[in-house]
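Please find below some notes for a colleague who is coming to this model for the first time. They are set out as numbered points, to be read with the sequence and the structure at hand.

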Amino acid sequence: MSELIDNRARRIDALKDIIQHLHKGEAPDAVRNQLREIVRQTDACEIMAMEQELIAGGMPVEEVRSMCDLHSQVTRDVLVQLPAKPILPGHPVDTFRRENAALRQLVLKIRSIIAGIGSLDDSADCTSQLLQLRQDSNELMDLDKHYQRKEHALFPFLEKHGITGPSKVMWAKDDEIRSLLKALNQAAHDCRPVVSECKAVCGKFAAPALNAVEEMIFKEENILLPMSQQTLTENEWAEVWAASPKCGWCLVEPSKATSRLSGQKP
């Protein structure tokens, strides 16, 4: 057991060293092979532990936040995922995942609209595409409910277990995504049905907002939720479930299957 812990500590230290090199400007490809060897035995908890130790070591949260997309991109194709624990329909993790699936579909729909606008001649009429962009980008704002449940119902229990990285780093990223989506919605509302203007909105506002939403989905699915499943007790999940309706649901309703968490229907 001591050897396992020691190996884990060494992996976390090595991850920290690589991320710090990336932060200093080293090319991602230069460390990808080294990273691949380390994360072959690394799970989501160690990624979060690495971020948390960077903060504990004095690195400002804002710097870790600005780095997290970079190291997420580098680890995306090499992170080892342990088999997920089975979850019941109606469990908070099940609901988070179903919402993420709906968010992915909505992002794809908006990307299709963007591609359609991009293919138009500048003299074309893009009124219908702009109206659809406004409607769908406004619908995407519903993810605020997903983020609020994560922040107010889930994060406090992770903090009780000494896991403070997500609440410090992810919350800041959530706020950044909220700002990007607000900017997109305002730009789409102010935009005239002129192809050149619509293309400009898509490139300046839509693309970064959609990229950020997809990146957060990746972090939740591959790091936050697996780590939470490993950490929270059944009673704690019951409390997360009980607090969730106060924040509301994003795009989809929770499963109607009876959950053993509370003995009631979501």
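1. Which side chains meet in a salt bridge with an N to O distance of 2.9 Å, one of them being that of Arg 178? In this predicted model, the partner of Arg 178 is Glu 151, and their side chains form the salt bridge at that distance. Because Arg 178 belongs to helix H8 (residues 165-190) and Glu 151 to helix H7, the pair ties together parts that lie 27 residues apart in sequence.

2. The surroundings of this pair deserve a look as well. Arg 178 counts as buried, its relative accessibility being 14%, and Glu 151 is also classed as buried, with a relative accessible area of 3%.

3. Asp 142 is buried, because its relative accessible area of 18% falls under the 20% limit, whereas Lys 145 is partly exposed at 33%.

4. When neighbours within four places in sequence are left aside, Asp 142 is in contact with Trp 249, Cys 250 and Leu 251.

5. How many salt bridges does the model contain? The count comes to 13, and one of them joins the side chains of Arg 192 and Glu 197, with an N to O distance of 2.2 Å. Glu 197 is partly exposed, with a relative accessible area of 23%.

6. The protein chain has an average pLDDT of 83, and 73% of the residues score at least 70. Confidence in the protein chain is highest in helix H6, at a mean of 98, and lowest in helix H4 (residues 61-75), at a mean of 61. Over residues 1-5 the pLDDT stays under 50, and for these residues the model has zero contacts beyond four places in sequence.

Definitions and conventions
Residues numbered from 1 in each chain as written. Predicted model: local features only at pLDDT ≥ 70, side-chain atom pairs only at ≥ 80, totals over all residues. Heavy atoms only, no water. Contact = heavy atoms within 4.5 Å. pLDDT = per-residue confidence, 0-100. Helix = DSSP H or I, 4+ residues; strand = E, 2+ residues; numbered from the N terminus. Salt bridge = Lys/Arg side-chain N within 4 Å of Asp/Glu carboxyl O. Buried < 20%, exposed > 50% of the residue type's maximum accessible area, 1.4 Å probe, protein only.
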